[in-house]
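Subject: Structure handover

Hello,

Here is the structure I promised to pass on. Please open it first, then read my notes below.

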Amino acid sequence: MFKKEILENQKKILNVNLINRSFDINELIDIFKLNKIIALIGSRRSWKTFLTFQIVKELINNNLLNIEELVYIDFSWILTKDIDLNYLESEYLSLFPDKKPFFIFDEIQELENFPEKLIWLLNKWYKIIITWSNAHLLSKEISTILRWKVYSKEVFPLDFKEYLKFNNIWYNKNELILNISKYKYEFERFLKWWWFPEIVLTDNEIVKENILKTYLDVMIYKDLQDRYNIKNDYVLKFFIKRILSTFSKELNINKIYNELKSNNIKVSKDSLYNFYEYLDDIYLISNLTNFWAQIKWLKKIYLIDVSFANFVWNDDLWKRFENFVYLELKKKYSELFFLKKNYEIDFYIPWKNKYIQVVYNLNFQNLERETKNLIKQDWEKILIYFDKEENLNIDKSIKLLSFSEFIFN
């Protein structure tokens, strides 16, 4: 049953043309040594499957994998869900008796009783990578099901360097210095039409909008309504629109609840809190906690991809820029907060004692507002900006980073 598929998929992956993502293959190599299943998690259409192909090719190029060791199975294409992985192993070994299989399982949720079956393979010290659909299985669930035997790696839509690569724009430090206006132009385009690979690969804005609408519709109807059996379609869409129009700010459930109540729409606050949790579950949003807050809901909301904000009137580039910085920091630091007490600072990394403020255009009018709270801090103080006026008198204790320095250094 599987022999033909194993051989065909080996050939397909070996010959597929890829635009490589920014990815640290050494991290996965270290995890494999610990005998853990690697789970690629993230939003829909962030190309997790293509990333598994890239991982295979990088391992082959580094002489860490032979293509004959690969067993790639997409369970969404297999009609029989009750598959014995012992049989799959036997099929592989009949082809390559002297090899040790390296398993990649796409849409693993389609395989019945997959946790027990995966652990059975893992106990043989086979390397395993899995992906799945958020409509059927959530990232937090996979961690619970497989416990300490899984290592989850988040996959995001494209960052700016990947965006340039997908648009065949190559950069180096000299090019940045000589043509900074070109990169500013591209970065502003990037802020408007983030990051999903399919959207970057087309220049037609009508096509972009239609693809985005399809993504959002699938997230709402398949990932949310089907999974959670949500009956109130109007309230869900209203809530999502409010999130899309107020990202980079603190979540205010009470305000949304009162808006609905004033329009005679019946809904409980608990339902709205649940909607928020659901949106986080399916990787539509991400959140940031106030380091000083004891209340669970004092969070700032960011979008996994700000192109969704194009569906509401929201053209604030400063918010999109802050959202971009948040996601870049989220990739680098396991602990990230904002500070709001007697003063507010956009991002705080406690174990690094690092304070970060973000401003789109730094000028004489906003200089004091953007720097006064940073100056009060005792440790590393960073101000990240997209553009700034010349001859600003900035406190020397603050490290200035332009968008290009933040991204490319």
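Two strands count as a pair if DSSP finds at least two bridges between them. Strand 1 (residues 37–42) and strand 5 meet that test, because six bridges join them. The two strands run parallel. Keep in mind that this is a predicted model.

As a reminder, strands of a sheet pair through backbone hydrogen bonds, either parallel or antiparallel. For a place to start looking, take Gly-42, which stands opposite Val-155 in strand 5.

Is Glu-162 buried or exposed? Glu-162 is buried, because its relative accessibility is 2% and the cut-off is under 20%. Glu-162 is found in helix 7, which covers residues 160–166. Neighbours within four places in sequence aside, Glu-162 is in contact with Arg-21, Ser-22 and Pro-157.

Asp-82 is in the loop between strand 2 and helix 4 (85–95). Asp-82 has a relative accessible area of 52%, so it counts as exposed, for which the cut-off is over 50%. Which residues does Asp-82 contact, leaving aside its neighbours within four places in sequence? They are Glu-112 and Lys-117. Asp-82 and Glu-112 are 30 residues apart in sequence. In space, their C-alpha atoms are 5.2 Å apart.

The largest pocket

The largest pocket holds about 1000 Å³ of space. Its lining has 41 residues. Closest to the centre are Glu-328, Leu-329, Lys-330, Lys-331 and Lys-332.

Which helix gives the largest share of the lining? Helix 15 does, with six residues. Several other elements supply at least two residues each, among them:

- strand 5 and helix 7, both mentioned above
- strand 7 (285–290) and strand 11 (354–362)
- strand 12 (380–388) and strand 13 (398–402)
- helix 17 (403–408)

By type, the lining divides into 18 nonpolar, six polar and 17 charged residues.

Best wishes

Methods
Residues are numbered from 1 along each chain as its sequence is written. This is a predicted model: local features need pLDDT of at least 70, side-chain atom pairs count only at pLDDT 80 or more; totals for chains, interfaces and linings use all residues. Side-chain values use heavy atoms; hydrogens and water are left out. Helices (H or I, at least four residues) and strands (E, at least two) are DSSP runs, numbered from the N terminus. Buried means under 20% relative accessible area, exposed over 50%, partly exposed in between (1.4 Å probe, protein chains only). Contact means heavy atoms within 4.5 Å. On a 1 Å grid over the protein atoms alone, a cavity is a set of points where a 1.4 Å probe fits but cannot get out, and a pocket is an open set with protein on both sides within 12 Å along at least five of seven lines; lining residues have an atom within 4 Å of a point. Grid points are joined across faces, edges and corners, and a volume is the space filled by probe spheres set on the points. Ala, Val, Leu, Ile, Met, Phe, Trp, Tyr, Cys and Pro count as nonpolar, Asp, Glu, Lys and Arg as charged, and the others, Gly among them, as polar.
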